[in-house]
Amino acid sequence: MGFTFQTNQNIRFKTDAELLRKAEELRPALNYEEIRPVRLGTLADTQKFAVATSDTNAMNAASTNDASLWHNCPDISKLCSYEWKRGDTFILDFGRHCVGRFSVSIDAVGSPMDAPLFLRIRFAEIPSELGMDASKYDGWLSKSWIQEEFVHLDELPARLELPRRYSFRYVQITVIDTSSKWRAVFSQPLVTAETSAQADRYRKIGVKDPDLEKICDVAVRTLSECMQDVFEDGPKRDRRLWLGDLRLQALANYASFDQTDLVKRCLYLFAAMTTEDGRIPANVFVKPQNRPDDTFLFDYSLFFISTLYDYMEHHPEESVLKDLYPVCKAQMDISLSYVDADGQLVLSDDYPVFIDWSDQFDKSTAGQGVMIYCLRRFLELAEQAGDAELSAYRESLVLMESYARDHLLDRSRMLFVSGPDGEYNLASQVWMVLSGILTEEEQHAVMRHAADELLPETDLVTPYMCHHIAEALFEAGLSDKAVTLMKDYWGAMIRLGADTYWEVFDPRDPDYSPYESPVVSSYCHAWGCTPIYLIRKYLR
Ligand code: RAM
C-alpha cells in the first residue's frame with residue numbers, strides 16, 4: 001500500500017520558536033463570499049447515484065450535467081413555499097464547489113409544533129456521494145470524514161447555522177420527522193465560502209486549445225479551494241498540510257495567484273517542527289495548535305528541499321534561505337544515511353517512499369530518482385547559501401548517478417529496472433528522467449519507450465503520479481504525448497462532471513479508492529491542480 005497509518009509516539013520532536021513565530025506572522029487572511037443555490041432537486045433514482053464497484057459506468061451517472069438526476073426540479077426561487085414532512089428529501093445545488101459554512105432558515109407550518117424537527121443533512125462534492133450508504137462504510141479511514149449531520153431543532157422558526165466547515169457543491173436535506181400535525185419550510189439557504197486565495201491576482205493563461213483552457217480553469221478552482229490557513233491537501237479530507245502536496249501547490253501557485261507568503265508560511269511550519277535529529281514529518285497540523293504528525297515518508301521529507309529550491313527560483317530571498325538551509329542540510333544528511341557504499345538507496349520499512357498510492361509496483365528505482373532530484377537541488381541551494389563543505393555531497397551525487405546509469409538502466413530496452421525481480425515500471429522511468437541524470441537523447445528514448453510499452457498497461461491512480469508522468473514527457477520533448485495524457489486524465493474527470501480535481505481517479509476504474517470506498521475520498525484535492533503549472537511552463 002502507498003501509505004498506511006504510522007504511529008511513532010516515541011519519536012521526539014523539537015520546536016523552533018523563532019521559525020514558528022515567522023510562520024504565524026505569515027498567516028493569511030481569509031476572504032469570504034456568500035453563495036446561494038442555483039438549483040433544487042430531488043433524487044430521481046438513488047441507484048443512479050450509486051458508485052457500484054462492478055459497474056464502471058456508475059460514475060458516469062454522477063455527471064452533474066445529467067438532467068435525469070433532477071427529479072421534478074421544483075423551482076429554487078419558490079423554496080419557501082414548499083412544505084416538507086417525514087421522509088421528504090431535497091438537494092440544493094450551489095452550482096460550484098464551495099468550501100465554507102452552511103446556514104438555512106426553517107419554520108413550521110400547520111398545527112402547533114408538537115415534536116422537534118429531526119433532520120439529516122449531507123454534503124457532497126459529487127452527486128454520487130449522495131447515493132452511497134455512509135452507514136455501511138467500514139474502511140480503514142475514519143468514518144468521521146463523511147460529511148453528514150443529524151440535527152434536532154426543538155423550536156421553530158430558527159436560523160440553522162452549522163458550525164463545521166464543509167467542502168461540497170450539493171447539500172441534501174432529509175426530514176427524518178416533523179409530526180403528523182405540522183410541516184417544515186426552508187428558506188434562504190446560504191454558504192459563506194472561505195479561501196485565502198486572492199482571485200484578483202490570477203490572470204488567465206490564455207491557452208488557445210479550449211480543452212486545455214477548461215482543464216486549466218478547473219485546476220485553478222481546485223487550487224483556490226485548497227488555499228486556506230495553509231495549503232490544505234483537501235478541504236474535505238485530510239484538511240492539513242502535506243509536504244508532497246505542498247510542493248505541487250506551490251508550483252501551481254507561482255503560475256496563478258503567486259501568493260508567496262502562503263508558501264513561505266508552510267515551509268516555516270515544516271522547518272519549525274522536525275524530529276530531534278532533523279527529520280521532516282510528512283504532514284503537520286495547525287489547529288488547535290501547530291503540531292507535527294508522527295508520520296514519515298522518505299520522499300516527502302526530501303521534498304522540503306525541492307520546495308525551498310522552487311521558492312528561491314521564483315522569489316529569491318536571502319533571509320529565507322538563511323533560515324531554512326540548515327533544515328535542508330539536516331534532512332539531506334539523514335537521507336544520505338540510507339545510501340550504501342555503491343550509491344544505491346536502500347529503503348527501510350519505517351521510512352517508506354510514497355511515489356504514488358498504487359502499491360502494485362516496486363518503488364526503489366523511483367525512490368533513487370527522487371533522491372538524486374533533491375540532492376542536485378540541495379547542492380544548488382548549498383552554493384547559494386555559501387556552504388563550503390560540499391565535497392562529500394558531490395561525491396554522493398556522482399555515486400548515486402553512476403549506480404543508476406550502470407546498474408539500473410537497461411540499455412538494450414532503454415528502460416530502467418527496479419527491485420530484485422528486475423521490474424520495468426513507469427514511475428521508475430519518470431523519476432529517473434526528472435532526476436536529470438540522462439542526456440536529452442537518452443531521456444527522449446526512455447520516455448518514448450515508457451509511453452509506448454508501459455503507459456498503456458499502467459493503472460493511473462492519482463493526479464499526483466499523472467503529473468509526474470506528464471512532466472517527464474514534456475521534459476523529454478514529447479509534448480504531444482503529454483497533452484494527450486492531460487486530456488485523457490484531467491479531461492476525463494471534467495467529462496464526468498468534476499468541478500474540481502479528485503484525489504484518486506483511475507479512468508479505467510472510476511470507483512477505485514485506496515480507502516475501500518469512495519465515500520471518504522476527496523473530490524477537491526490539491527495534487528490535482530498542476531495543469532496550471534504544466535500549461536504555463538511547457539505550452540506557452
Ligand atoms: C493521502 C492524502 C494526502 C497525501 C497522502 C500521502 O492521505 O491524499 O494528500 O499526500 O495521502
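P288 is found in the loop between β11 (283-285) and β12 (291-292), where helices (H or I, at least four residues) and strands (E, at least two) are DSSP runs numbered from the N terminus. The peptide bond that joins K287 to P288 is cis, with omega at about -5°. This is a predicted model, in which local features need pLDDT of at least 70 and side-chain atom pairs count only at pLDDT 80 or more, while totals for chains, interfaces and linings use all residues. Residues are numbered from 1 along each chain as its sequence is written, and side-chain values use heavy atoms, with hydrogens and water left out.

**Ligand surroundings**

- The ligand is surrounded by D233, R237, D238, W242, D245, Y300, F354, W357, E503, Y515, H525 and W527; a residue is near a molecule if one of its heavy atoms lies within 4 Å of it.
- This shell divides into six nonpolar, one polar and five charged residues. Ala, Val, Leu, Ile, Met, Phe, Trp, Tyr, Cys and Pro count as nonpolar, Asp, Glu, Lys and Arg as charged, and the others, Gly among them, as polar.
- Oxygen atoms of the ligand lie 3.1 Å from a polar side-chain atom of D233, 2.6 Å from one of D245 and 2.8 Å from an N or O atom in the side chain of H525.
- Taken alone, the ligand exposes 290 Å², of which the protein buries 98%; accessible areas come from the Shrake-Rupley method with a 1.4 Å probe, and for residues only the protein chains shown count as cover.
- The peptide bond from R237 to D238 is cis, with omega near 10°, and D238 lies in the loop between α3 (210-226) and β10 (241-242).

**Nonpolar cores**

- The largest nonpolar core has 155 residues, and Y300 and F304 have the most contacts inside it. Such a core is a set of buried Ala, Val, Leu, Ile, Met, Phe, Trp, Tyr and Cys residues joined through side-chain atoms within 4.5 Å.
- Helix α8 provides the largest share of this core, 11 residues.
- Another core, of 30 residues, lies apart from it and includes I106, L117, F186 and V191.
- Y300 touches W242, L243, G244, D245, A282, F354, Y464 and W527, not counting residues up to four places away in sequence; contact means heavy atoms within 4.5 Å.

**The pair D387 and K329**

- D387 is placed in the loop between α8 (364-384) and α9 (391-408), and K329 belongs to helix α7 (residues 318-336).
- D387 is buried, with a relative accessible area of 15%, and K329 is buried at 18%. Buried means under 20% relative accessible area, exposed over 50% and partly exposed in between (1.4 Å probe, protein chains only).
- The side chains of D387 and K329 make a polar contact at 2.7 Å. This term denotes a pair of N or O atoms within 3.5 Å; within protein, one must be able to donate a hydrogen and the other to accept it, and residues adjacent in sequence count only if both atoms are side-chain atoms.
- The side chain of D387 also reaches the backbone nitrogen of E389 at 2.9 Å.
- Leaving aside neighbours within four places in sequence, K329 is in contact with F378, D387, E389 and Y393.

**Positive phi angles**

- Q188, in strand β9 (residues 182-195), is not a glycine but has a positive phi of about 50°. With 57% relative accessibility, Q188 counts as exposed.
- I355, in the loop between α7 and α8, is not a glycine and has a positive phi of about 60°. I355 is buried, with a relative accessible area of 1%.
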